[in-house]
Amino acid sequence: TLQREISKLIDNKRSLQREINRAEREKATIEQTKDTKILMLDNSISKLKEELTNAQEHNLTLEETISTLEEENVAICESAMEKITTLQEKFSLLEEENQSIRSSAHGNERLISA
C-alpha cells in the first residue's frame with residue numbers, strides 16, 4: 001500500500017508537471033500575443049501622430065491661404081470702391097454737361113422762335 005501511495009504521488013506529480021508545462025506554454029502564448037498587440041498599438045499611435053501632424057500642417061497652410069485671400073479681397077474691394085466713386089463723379093459731370101446742353105438748346109429754340 002505504501003508503494004501504491006508512492007506511485008499515486010508520482011503520478012500526481014507528473015500530472016501536475018504536465019499542467020504546469022501547459023500553463024507555462026499558455027502564459028508564453030499570452031505574453032507573445034500581448035507583445036504583438038502592444039507593438040500594433042504603438043504603430044497605430046505613431047501613424048495617428050503622423051497624420052495629426054500632417055493635418056495640423058495642412059490646417060496652417062489653409063489658414064495662411066485664407067488670410068492671403070482675405071487681404072486680396074480687401075484690396076479688390078477698395079479698388080472697386082475707388083472705381084465706383086470715379087464712375088459716380090464722371091456720371092455727375094456728364095449729367096451736368098447734359099443739363100447745360102439742354103439749357104443751351106432750349107435757349108437756342110427761343111432765339112429761333114423769336
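D11 has a relative accessible area of 44%, so D11 counts as partly exposed (buried is under 20%, exposed over 50%, partly exposed in between; 1.4 Å probe, protein chains only). This is a predicted model, in which local features need pLDDT of at least 70 and side-chain atom pairs pLDDT 80 or more, while totals for chains, interfaces and linings use all residues. Residues are numbered from 1 along each chain as its sequence is written, and side-chain values use heavy atoms, without hydrogens and water.

**Fold and overall shape**

- The chain has 1 helix and 0 strands (DSSP runs numbered from the N terminus: helices are H or I, at least four residues; strands are E, at least two).
- The chain is more spread out than a compact globule, because its radius of gyration of 48 Å is well over the 13 Å that the globule rule gives for 114 residues (C-alpha atoms; the rule is 2.2 Å times the number of residues to the power 0.38).
- Along the principal axes, the C-alpha atoms fill a box of roughly 160 × 20 × 10 Å.
- L94 and S46 are 48 residues apart in sequence, and their C-alpha atoms lie 71 Å apart in space.

**Surface**

- Of the 114 residues, 0% count as buried.
- The chain exposes about 10900 Å², and carbon and sulfur atoms supply 58% of that area (Shrake-Rupley method, 1.4 Å probe; for residues, only the protein chains shown count as cover).
- L94 lies in helix α1. L94 counts as exposed, because its relative accessibility is 53%.
- A nonpolar surface patch is formed by L2, I6 and I10, with about 270 Å² of accessible area together. Patch residues have over 30% relative accessible area and no salt bridge; like charges are joined within 9 Å, nonpolar side chains (Val, Leu, Ile, Met, Phe, Trp, Tyr) within 5 Å.
- The relative accessible area of I10 is 39%, so I10 is partly exposed.

**Charges**

- The chain carries 16 positive and 23 negative charges, with mean positions 24 Å apart. Lys and Arg count as positive, Asp and Glu as negative; His and the chain ends are not counted. Each charge is placed at NZ of Lys, CZ of Arg, CG of Asp or CD of Glu.

**Salt bridges**

- The count comes to 4 salt bridges (a side-chain nitrogen of Lys or Arg within 4 Å of a carboxyl oxygen of Asp or Glu).
- R14 and D11 pair through their side chains, at 3.8 Å from N to O. About one helical turn separates R14 and D11, because they are 3 residues apart in helix α1.
- R22 bridges to E19, with the closest N and O atoms 2.9 Å apart. Both R22 and E19 belong to helix α1, 3 residues apart, about one turn of the helix.
- R22 has a relative accessible area of 34% and is partly exposed. E19 is also partly exposed, at 43% relative accessibility.
- K34 bridges to E31, and here the closest N and O atoms are 3.4 Å apart. K34 and E31 are 3 residues apart in helix α1, about one turn of the helix.
- K34 is partly exposed, at 42% relative accessibility. E31 has a relative accessible area of 34% and is partly exposed.
- E19, R22 and E26 form one network, joined by salt bridges that share partners.
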